[in-house]
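Dear colleague,

Here is the structure I promised to hand over, and below it you will find my notes on what turned up in it. Please read them with the model open beside you.

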Amino acid sequence: MSIAENLKGIVEQLPQNVQLVAVSKFHPLENILEAYDAGQRVFAESRPQELAAKAAELDREKYPDLEWQFIGHLQTNKLKMVLPYVSLVQSVDSVHLLKEIQKWAAAAGREVSVLLEVHIGAEETKQGFHEEEVVDLLFDADKYPNIRFCGLMAMASHTTDESVIDADFERIDTFMAYLVDLFPELTDFNQLSIGMSDDWKIAIHHGATIIRIGTAIFGNRE
Ligand SMILES: *Cc1c(COP(=O)(O)O)cnc(C)c1O
């Protein structure tokens, strides 16, 4: 199937309030433009160099409404490669990173929209905040005047057992609702980014407002 057909098959099944983010990492610019021509506007990358290279290669005047997001682990010494290009950093996973983004944004006179990445999967190594850390951080939200807190991002456990994935997403959905209740002053805090190629239907069932799809659009990565 072509990229356009893959996209169509997914978009047709999406509820109105769910945004499809096309994960283009490891795929060349031609494939991104093929998706663009099929109507896709939002793309995400997970490696700073790759994002910066693709964003620089792209003729901005020709594609003014093409939007980049960042979904990978971001080291603070790579901020400058990423922040100028993206509309959303989905993968803020430490207070240290958040503080550095705040500094960059204040110096640049910008506001940076972020999601906080929460660790919900079974894997010990997976990056992300624990739930109580997110609560503590959001109590301090006014320490970050140039950050717009837009919600949460998470990945389910790496398993084919759908009941485990279902439980992971159920948990983050419940946590999201708890935060929205606890911090009514954070009026932009309403996005839940869960769901990838193999589990996005389960994610939608549990309140996803953003799904991040790579393989099911572009095929396998090299
Ligand atoms: C690569 C990646 C995706 C997309 O994964 P697919 O299984 O190819 O859809 C989604 N989210 C993150 C954080 C990723 O790194």
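Does Glu131 count as buried or exposed? Glu131 counts as buried, because its relative accessibility is 18%, where buried means under 20% relative accessible area, exposed over 50% and partly exposed in between, with a 1.4 Å probe and protein chains only.

Before the rest, two remarks on how to read these notes. This is a predicted model, in which local features need pLDDT of at least 70 and side-chain atom pairs count only at pLDDT 80 or more, while totals for chains, interfaces and linings use all residues. Residues are numbered from 1 along each chain as its sequence is written, and side-chain values use heavy atoms, with hydrogens and water left out.

Salt bridges

The structure holds 10 salt bridges, a salt bridge being a side-chain nitrogen of Lys or Arg within 4 Å of a carboxyl oxygen of Asp or Glu. Side chains of opposite charge can pair when their charged atoms come close. Glu131 is one of the residues involved, since it forms a salt bridge with Arg171 in which the closest N and O atoms are 2.9 Å apart. Glu131 lies in helix α6 and Arg171 in helix α7, so this pair ties together parts that are 40 residues apart in sequence. Helices (H or I, at least four residues) and strands (E, at least two) are DSSP runs, numbered from the N terminus.

Another salt bridge joins Asp188 to Arg148, with 3.5 Å between the closest N and O atoms. Asp188 lies in the loop between α7 and β7 (191-193) and Arg148 in strand β6, so here too the pair ties together parts that are 40 residues apart in sequence. Asp188 counts as partly exposed at 34% relative accessibility, and Arg148 counts as partly exposed at 32%.

Within it, Glu50 forms a salt bridge with Lys54, the closest N and O atoms being 2.8 Å apart; both residues lie in helix α3 (residues 48-57), four residues apart, which is about one turn of the helix. Glu50 is buried, with a relative accessible area of 13%, and Lys54 is buried as well, with a relative accessible area of 7%.

The largest pocket

About 700 Å³ of space lies in the largest pocket. On a 1 Å grid over the protein atoms alone, a pocket is an open set of points where a 1.4 Å probe fits, with protein on both sides within 12 Å along at least five of seven lines, and lining residues have an atom within 4 Å of a point. The volume is the space filled by probe spheres set on the points, which are joined across faces, edges and corners. Of the 31 lining residues, the closest to the centre of this pocket are Met155, Ala156, His158, Met196 and Asp199. The elements that give two or more residues to the lining are β6 (147-154), α7 (162-182) and β8 (210-213), and the largest share, three residues, comes from α7.

Helix α6 and the surface

Helix α6 covers residues 131-139 and includes Phe139, which counts as exposed at 54% relative accessibility. Phe139, Tyr178 and Leu182 make a nonpolar surface patch of about 310 Å². Such patches are made of residues with over 30% relative accessible area and no salt bridge, with nonpolar side chains (Val, Leu, Ile, Met, Phe, Trp, Tyr) joined within 5 Å and like charges within 9 Å; the areas come from the Shrake-Rupley method with a 1.4 Å probe, and for residues only the protein chains shown count as cover. Leu137, also found in helix α6, is buried, with a relative accessible area of 4%. Leu137 and Val95 are 42 residues apart in sequence and 7.6 Å apart in space, C-alpha to C-alpha.

Val21 has its place in strand β1 (residues 19-23) and counts as buried at 0% relative accessibility. From C-alpha to C-alpha, Val21 and Ile213 are 6.2 Å apart in space, although 192 residues apart in sequence. In the loop between β1 and α2 (29-37) is Phe26, whose phi is near 70°, a positive value in a residue other than glycine. Most residues other than glycine have a negative phi.

With best wishes
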